[in-house]
Amino acid sequence: MGHEPPPSWAEQRAHLRDELAAIEAAGRLRRRVTIDSHAGRSIVVADGGKRQRLINWASNDYLGLASDLGVSNGASKALRRYGPGSTAARLLAGGPRCHRRLEERLAAWLGTEDCLLTTTGYQANCAALVALAGEVECAVILDRLCHASTYDGTKLSNGQLLRFKHNDVDDLTHRLDQTEGAPRRIVCVESVYSMDGDEAPLAAIHELCRRRGALLVVDEAHALGVFGPGGRGRCAESGVKPDLIVGTCSKSLAAQGGFVCGDRELVSLVANLGRAFIFSTAPVPAASGAAVAALDALRDRPELPGVLMQAAHELRMQLRRQGWNIPEGRSPIIPVIVGDETETLRLAQRLRDAGHWTPAIRPPTVPPGQCRLRITITATHTPADRRKLVAAMAGVREATKA
Ligand SMILES: Cc1ncc(COP(=O)(O)O)c(C=O)c1O
């Protein structure tokens, strides 16, 4: 290293080009696909000069509120009243009343003392974990399948990252044994896992954390609006009160913005130490206006989660009967595990040719060999949409066998 001349700008650029070429050679180059329509149950995908209307099985808009007029009106009202942007970080310049109103609504909904809004759910996890880890040499113990934002939040924190086997309470116990002397231990799980749709054993994990003196953070991104009384999530359903609940308005609430709910003290800690909150401009006012209207819609139509769960159950059963590898579960996330990457891409393309948008999920989102189609059903999909998907999946399956 000592006498070698440092690489030139051109050499560094060539190296970066090689890295991109390696991604492409591995068949993993990602492209941004443009949608030329409202992001509802059916979308127009504009790709390579072609426009194609497809039934959308890719969104996390579980309750279908992205197509709700009241929710759009909530966004418009906030836009007109407070303007298009928030102009600065909240601690610097303050924030529009609609942000505080949303925080109050979310805290009341989830039964916590307070709530802090962040610009995205990704940032909510980063802010929460950085703040909880603080300055001590703590251990942050994540379920192996936790979302990238919890991994990245841990890396940004002063904590040491440990992982336990997915949903394995014995392995978590082992990690807690290993970190017995640490001045602080933080366990983080998702109540519903984003790519598998399966559920954490929350009651057992909560009990273990309490008994072993570890703090617990539960990411309810994919459970809110879907599970629990009034869509209040799996913590409410399981009677579990973690130290912090993390959520996002970008899924069932059809808007944008993340949040951290908990007691006043911890929420204030996140507001004071969570750099992803402190150093980022607050969400646009329209996002909070939309999220509040989505909470209103959920309150006024309490039957929505039940209708969704029933539709999810029926679709899951119909597809399982065709012989696909679909794990049991309750959630509207229905993973069709294929394994091989090329095969998964081919299936996604065949379904697209048949009029369905079912994204292929590949590494790094899932481990190698675990590629899958991730089908999400929403409350706005009609029985006819479901029949069409089931027929297309049957056709694809026959073609695969042939
Ligand atoms: C479990 C989980 N947590 C956090 C996030 C981040 O939320 P957002 O998209 O609002 O940044 C996501 C999704 O993207 C997620 O699936």
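## Close-ups of a predicted model

**View 1. Strand E7 sits inside the structure.** Look at strand E7, residues 185-190: six of its six residues are buried, so the rest of the structure largely encloses this strand. Keep in mind that this is a predicted model. Which way do the side chains of E7 go? Arg 185, Val 187 and Val 189 point one way, while Ile 186, Cys 188 and Glu 190 point the other way, and all of them are buried.

**View 2. Strand E7 has partners in E5 and E8.** Start with strand E5, residues 139-143, which runs parallel to E7 and is joined to it by four bridges. To find your place in this pairing, look for Leu 142, which stands opposite Cys 188 of E7. Now turn to strand E8, residues 215-219: it also runs parallel to E7, and five bridges join the two. How does the chain get from E7 to E8? It goes through helix H8, residues 202-212, making a right-handed β-α-β crossover.

**View 3. Three strands make an open sheet.** The strands come in the order E11-E14-E13, and their pairing is antiparallel. Which strands are at the edges? They are E11 (333-339) and E13 (360-361), each of which pairs on one side only. Six bridges hold the antiparallel pairing of E11 with E14, residues 371-376. Within that pairing, Ile 334 stands opposite Ile 375 of E14.

**View 4. Two helices lie across strands of this sheet.** Helix H13, residues 304-321, lies across E11 and E14, and its direction makes an angle of about 20 degrees with E11. Helix H14, residues 341-353, lies across E11, E13 and E14, running at about 35 degrees to E14.

**View 5. The largest nonpolar core has 76 residues.** Which of its members touch the most others? They are Leu 106, Val 187, Val 189, Phe 259, Leu 315 and Ile 375.

**View 6. Another core lies apart from the largest one.** This one has 27 residues, and if you want to pick some out, Leu 116, Leu 132, Phe 277 and Ile 278 are among them.

Terms used: Residues are numbered from 1 along each chain as its sequence is written. This is a predicted model: local features need pLDDT of at least 70, side-chain atom pairs count only at pLDDT 80 or more; totals for chains, interfaces and linings use all residues. Side-chain values use heavy atoms; hydrogens and water are left out. Buried means under 20% relative accessible area, exposed over 50%, partly exposed in between (1.4 Å probe, protein chains only). Two strands pair if DSSP finds at least two bridges between them. A crossover is right-handed if, with the strands pointing away from the viewer, the path from the first strand over the helix to the second runs clockwise. Contact means heavy atoms within 4.5 Å. Axes are lines fitted to C-alpha atoms, for helices over the stretch in contact, and angles run from 0 to 180 degrees between N-to-C directions. A nonpolar core is a set of buried Ala, Val, Leu, Ile, Met, Phe, Trp, Tyr and Cys residues joined through side-chain atoms within 4.5 Å.
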